[in-house]
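Dear colleague,

I am handing over the structure shown just below, and I would be grateful if you could look it over alongside my notes.

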Amino acid sequence: MHDPNCVFCKIIAGAIPCAKVFESENVLAFLDIEPIEKGHVLVIPKRHWPCIMDVPVAAAEDIECAEEVMYLVRVVAKALCRDFATGVNVLQANGPCAGQTVPHLHFHVVPRIGCDPVQPVWRSGHGQYASDAERAGYATRIAAAVATIIKEEDLIG
Ligand code: 5GP
Ligand code: ZN
């Protein structure tokens, strides 16, 4: 449940201080120490799941925790917009190749204001398909994997 070497587990345990925004039995929201913008919030589960693929769905309390994380992302986004932002980016990295630096699941909720100078973190169009057939092949492969996992986990569908 907790990893003694994990910086976010240390924050949850109170061993490292943070600027807290919300806390419940399952979740914690706090300000990022290197904000993209002032008011950049991190939302985390109080369970040491390294990334989104590691979220277990067999036990009701894990599903409840994951649902609470998503709910809190929504509430923080609403709160930022009610306060000063005109929009938000919700960013989430899984694995070092995707830019994840802290291996404890977290959602960045970044307030955006009109013409702020923050650059987009992704580049649309980088992965253009060579043909309609190649696009259809990707859709078919991914759809098959999604269907298999949904069947294995038997939660929706
Ligand atoms: P990632 O790159 O894994 O998506 O995001 C990790 C985030 O955690 C970074 O934005 C980084 O600034 C933040 N972070 C790392 N260590 C600490 C810390 O000790 N306290 C806080 N508040 N944020 C941290
Ligand atoms: Zn952790």
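The notes that follow take the metal site and then the sheet.

This is a predicted model, in which local features need pLDDT of at least 70 and side-chain atom pairs count only at pLDDT 80 or more, while totals for chains, interfaces and linings use all residues. Residues are numbered from 1 along each chain as its sequence is written, chains are lettered from A and ligands numbered from 1 in the order in which they are written, and side-chain values use heavy atoms, with hydrogens and water left out.

The zinc ion (ligand 2) has as protein donors (N, O and S atoms within 2.8 Å of the metal, or 3.2 Å for Na, K and Ca; water is not among the atoms, so sites may look incomplete) Cys6 (SG), Cys9 (SG), His48 (ND1) and His104 (ND1), at 2.1 to 2.3 Å. Angles of 107 to 115° among the four donor atoms make this site tetrahedral, a term that requires all angles of four donors to lie between 85 and 135 degrees. Cys6 lies in the segment before helix H1 (7-13) and His104 in the loop between strand S4 (87-91) and strand S5 (107-112), so the two tie together parts 98 residues apart in sequence; helices (H or I, at least four residues) and strands (E, at least two) are DSSP runs, numbered from the N terminus. Both Cys6 and His104 are buried, meaning under 20% relative accessible area with a 1.4 Å probe and protein chains only.

Five strands form an open sheet in the order S1-S2-S3-S5-S4, with antiparallel pairing, where two strands pair if DSSP finds at least two bridges between them. Strand S3 (residues 41-45) is joined to S5 by three bridges, and Val43 stands opposite Phe107 in S5.

Best regards

Key:
Four donors count as tetrahedral if all angles lie between 85 and 135 degrees; four count as square planar and six as octahedral if opposite donors are over 155 degrees apart and all others between 65 and 115; anything else is irregular. Buried means under 20% relative accessible area, exposed over 50%, partly exposed in between (1.4 Å probe, protein chains only).
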